[in-house]
Each structure stands twice: as structure tokens, then as C-alpha cells.
Amino acid sequence: MKQSQMLIPTLKENPADAEIKSHQLLVRAGYIRQIASGIYSFLPIGRRVLNKVENIVREEMEKIGAHEMIMPALEPSELWKETGRWTTFGSELMRINDRHQREFALGATHEEVITSIVRNEVKSYKQLPLTVFQIQNKFRDEARPRFGLLRGREFLMKDAYSFNDSYESLDETYQKMFDAYSNVFRRCGLNFRAVIADSGAMGGKDTHEFMVLSEVGEDVIAYSDTSRYAANIEMAPVVTTYEKSSEKPKTLEKVATPDQKTMKDVADFLGHELHKGLKSILFNVDDRFVMVVTRGDHEVNDVKLKNLYDADMVELATEEDSRRLIGAGFGSLGPVHVPEEVEVVADFAVEALVNVSCGANEEGFHFTNATPERDFKVNQYADLRFIQEGDPSPDGEGKIVFARGIEVGHVFKLGEFYSERMNATFLNDQGKAKTMIMGSYGIGVSRTLAAIVEQFHDERGITWPANIAPFQVHLLSLNPKKAEQKELADQLYETLQQAGIDVLYDDRKERAGVKFADSDLFGVPLRITVGKRASEGIVEVKERASGDQKDMEQNDIVEYVR
Ligand code: ATP
Ligand code: MG
Ligand code: MG
Ligand code: MG
């Protein structure tokens, strides 16, 4: 393709609102443009890279016998009411009315739609198992759309849904999906981990998230440095030091036992909901300080809460701060002034303060469930602490490492949640009606694209892995005004195209410096420059990622590129 004919608007400066590399580079290199907060257009080369990711996903789905379909973005509220999610999904679900005031959701996910189709069309165990998928824009009114494609309000997702006649059969489908996901992210060149995840409100059994390791990830994962063990931090085991407990607490209602294994288990035990996506808890330590375990930096009642996962696992507020926090929770159980952006954090933090007291010694943190007293006393020694870096991995192999992760995929055993509520049944081999067993499997296609850029860039621009790059070759004619340069470049362009090689041809009347800078920014893996030695039939070949370059005979080019 000729660059002179393409819409590839490049920028010298980073857009003001773009905080992370993938957002900056995809905008600067002319791949995407923002239309509104969390809403993007993909310009022609953006469409090309998105196609690459999409096609990898499509191929891996088809390999395991899943077939593609298209479902509407407009979903009637009646379906969502059948499962109760019209209410429970909350404000992330975008809703609109038609001219007759009928309510619709803009598809945030499609479990209800697919279940309504399958319950009508699939009647017998002979038609199961069945897996379908879609690659479509989904809509979620995210509280904080940010980081460009990483958290959009309209974004491209591959979602697959499976229907099985037994849990054993679901296990098989799940494993196939798990392997297909591993293939997808491997083919995208990504450094990722499949982590044990929290099944949350839907109460399904197994669920794994696929996390791309990256500093800008919003999740924290704990993984073994030598084995495949990896868990979202909220599902990582709490380390028990129970036998070392010394004093018996005075007003102890419950003591966590070694069975309470994960952070979520502990929260359940203490009677708290660990808010989805939230890792924040306040502990009173030594009756003097409040220790805050939180995600991100926040401010509650003028007290700054520091991101503990970034810090050294322990961050103490001052004594005065701790009184202010305790006061907030204890005086009247609220109301507490909470700035909007820390809403969820504070909910849980205050609740935790009211109901939980903790102690700490050099071994770690100690939880009990205490009745509030005004003068806050520490009831000690339930002897649990969160897993830390350097702890032995729970599978016995290697040591735990913490890292940040970008959730690019999620596989989930749904069980009967949807099929039961929506009455999706089939007749088994004895002619008996049974509820279908379901699974759902999502990949954030546009998010994956951004995650790739997070892992593949340098100070000059993007360094696409070959599988994802918008073109195989970027052909530059440095000075098209010179006849011999233009001629050779035109000729090479023809030859490469005839050889079936995807080539972007910079035939623009621009300065050489501009062409080089743009080329580095786009990140096409191989650059061929037609310049001064054109008359000898010699061009320069340069690898974008390594920077290796050499001069080459024009006749050797096709062979070399292949
Ligand atoms: P997150 O925890 O980041 O909000 P999620 O758990 O809500 O994601 P799922 O419902 O599991 O997302 O959706 C499947 C996949 O869709 C996710 O694994 C992620 O890759 C992608 N995804 C979800 N929300 C967004 C978004 N706002 N922008 C881009 N991709 C998204
Ligand atoms: Mg979400
Ligand atoms: Mg998630
Ligand atoms: Mg998820």
C-alpha cells in the first residue's frame, strides 16, 4: 500500500491525556483516535493490527471446534430480567429506550442472548457439547475509562459460550479453551501467566484469568519463579502461622483457621465482601497505627492511603491519621466523607475497621473479628498473613514473585447459573429433562493489542512481533524526486507485492528524517530504504527491533524477506 494514499496521521508529541506507552504510541503512530472518553476509532493501520489479533483468536477457536456467530448489540431488557442481571449488573450496563419506551441494554456481555437462542434450538444431549463464539464490540460504562484501549467503554471482545450435558464434559471444554488461550497469547508474542481467579458473585467453580505481565497492569499476581503456579493476589493463599499463637484473645468471636486459605476466604470468614477488583483493608496494628493494604493511592478523610503492593508490604499511617480513620469508622459507623473516586475503597475500609481488629508481630498480621468498642483494643492472634514475595510457592516448587498483570483473557465455568434461571434444558439419553451446564470465555481483543504494545516498544516507537505487525516490510524511498531512487523503489514495491509480501511503501514527498521517524514509530519489523546507492541497485535493510542493518542487492531482497 502506498503511504501517500493512506490516513496515517502521526504526531510528534504525546497526547496530553495519554499516561501509558501503548496509549501514547498507538495514537502518535496513527493507529487509533479517541472519539470520546473510552471510545476509539481504529484508523486503517489500526484496523490491520486488530485484524491480526482477531484472526489468531479466530483460528484458535475454530481449531477446538468453536464456531463464530454474530449477536446483536441491542439486547432486550426482558432477557436480562430473567437472570436478574438487569438489576445486579449495575451502572456498568448501558441502557437505552426505543421510541416505544421499550428498554434495551447495549451488549456488555451475551450470556442471556446466547442462552435464549440455545434453549429454543437445542433439545437433545445428541446436540451437545456445543461451543460458539463472537468477536464484537461490547459496551461497558466503566467508572474510570483510562489507559487508551486497556479500559474502554466500547471495546472489541471475543466471547465464547459452551453448553455441555455434564460437569465432566464442561471440564473437557474448559481445558480445550485454556489451551487455546495459551496458544493465542503465545502467538501474540506475549509474556503472560494463567492465574487462578476469583469466581465472584456468580459462584462458578473454576476460573482463570490470563494476565500479561506489565507495570501498568491493574491486577497484582503472585506466581512461582520456577513452576506454573500463578494466582491473582486475592486468590493467593494466606500463610498460616497458627501454631505460633501465644495469647488467647479476650473478646474473640471467630478465629481464622488454616482452612481459610485465600484473602477472599479470610474476607468471607470475617463477614466481608471482598469487592471485586478491590484489594483494600485496614488493620489496626499494635493499637497505635493503622496499616493500610490498598490498591493504588487514595485519600480517605484526608488520610493518604499508600499503595501497599507498590511499597514494601507495610505502610503505616501516623498515629494521628489512624485516630482520624478509626474515628471515622467508630464514632457513628459513618457517615464518612468519602471522595467519589475512593467510594469502594472506603466502604470496605471503614467496614473492616468496625468489625476487624488485628495485631501484628514479626510473623505477620493477625485477624480477629471483634465487636467495636469505643476505645479500640487489639484482639490478637488468629495468626494469618498474606503471602509475600520469597515465600515458598503453594505447589512446593520455587518461590513466590509478585508482578502486575493486565487481564487479557478470562475463562469461566458458569455451571447452571444462566441455564437454570432461563430454563435451558435438554433431554438426556434416558429422555429426562436436564439443565445445561455452561461456560464462558472472553478475550479482550483490543486490550490484547494494547498489551502487546506495552511489551513491544522502545524509545522510538512500537516494535511489533512479526505475527501482529500491520505490514511485513516498510519500503522507503528517501528522495522520490531523484528518478533512479523512485524507479528502483517503485520496482521493488511491485516485486514484493507480486511475491505476496505485505508492504507499506512510503512514497511521500517528505524529508528523509520524517520518513525514518515515522517508520520507527509504526514499528514494521523490516525496513528497506532506497537511497543514495539506488543507481547501483543497492538498498539498505534494517530490522526494527534489533536495529541490525546492512546493504543488499535489490535482487536478493525477496529471498531475504521470505
Ligand atoms: P476488568 O477486571 O479489567 O474490568 P472484567 O473481568 O470485567 O475485566 P470480563 O468480563 O472477564 O472483564 O471480560 C472478558 C475480557 O474482556 C477481559 O478479560 C478483558 O480482557 C476484556 N475487557 C473487559 N473490560 C474491558 C474494557 N473496559 N476495555 C477493554 N477490554 C476489556
Ligand atoms: Mg470489569
Ligand atoms: Mg476482571
Ligand atoms: Mg474478568
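Strands here are DSSP E runs of at least two residues and helices are H or I runs of at least four, numbered from the N terminus. I kept in mind that this is a predicted model, where local features need pLDDT of at least 70 and side-chain atom pairs count only at pLDDT 80 or more, while totals for chains, interfaces and linings use all residues. Residues are numbered from 1 along each chain as its sequence is written, and chains are lettered from A and ligands numbered from 1 in the order in which they are written.

Next I looked up the partner of β31. Strand β30 (residues 538-543) runs antiparallel to β31, joined by 5 bridges; strands pair if DSSP finds at least two bridges between them. Isoleucine 538 sits opposite glutamate 553 in β31. The hairpin has 5 residues between the strands, and glycine 547 takes a positive phi near 85 degrees there.

**The sheet.** I traced an open, mixed sheet of 5 strands in the order β28-β27-β29-β30-β31. Its edges are β28 (503-506) and β31 (549-553), each pairing on one side only. I get an average twist of 25 degrees from one strand to the next. Helix α12 (residues 483-498) packs on this sheet, touching β27, β28 and β29 (526-530), and its direction makes about 160 degrees with that of β27 (angles run from 0 to 180 degrees between N-to-C directions, and axes are lines fitted to C-alpha atoms, for helices over the stretch in contact). Helix α13 (residues 512-522) also lies across β27, β28 and β29, at about 175 degrees to β27. Strand β27 (residues 473-477) runs parallel to β28 with 4 bridges, and valine 473 has valine 503 in β28 as its bridge partner.

**Core.** Which residues touch the most other members of the largest nonpolar core? Among its 106 residues they are Leu26, Val53, Ile221, Val445, Leu475 and Leu492 (such a core is a set of buried Ala, Val, Leu, Ile, Met, Phe, Trp, Tyr and Cys joined through C-beta atoms within 7 Å). Leaving aside neighbours within four places in sequence, I found leucine 492 in contact with Leu475, Ile528, Val530, Gln554 and Ile557; contact takes C-beta atoms, placed from the backbone, within 7 Å.

**Helix α2.** I checked helix α2 (residues 44-63) against helix α11 (residues 445-455): the angle is about 115 degrees and the axes are 10 Å apart. The two are therefore roughly perpendicular (65 to 115 degrees; under 35 is roughly parallel, over 145 roughly antiparallel, the rest oblique). Val49, Leu50, Val53, Glu54 and Val57 in α2 meet Val445, Ser446, Thr448 and Leu449 in α11.

With helix α6 (residues 167-187), α2 packs at about 155 degrees, axes 9 Å apart, so I noted the pair as roughly antiparallel. From α2, Ile56, Val57, Glu60, Met61 and Lys63 meet Ala180, Asn183, Val184 and Arg187 in α6.

**Glycine 398.** Glycine 398 lies in the loop between β20 (384-386) and β21 (400-415). Not counting residues up to four places away in sequence, glycine 398 touches Ser224, Asp225, Thr226, Ser227 and Ser393.

Conventions
Buried ≥ 20, exposed ≤ 12 C-beta atoms within 10 Å, placed from the backbone. Contact = placed C-beta atoms within 7 Å.
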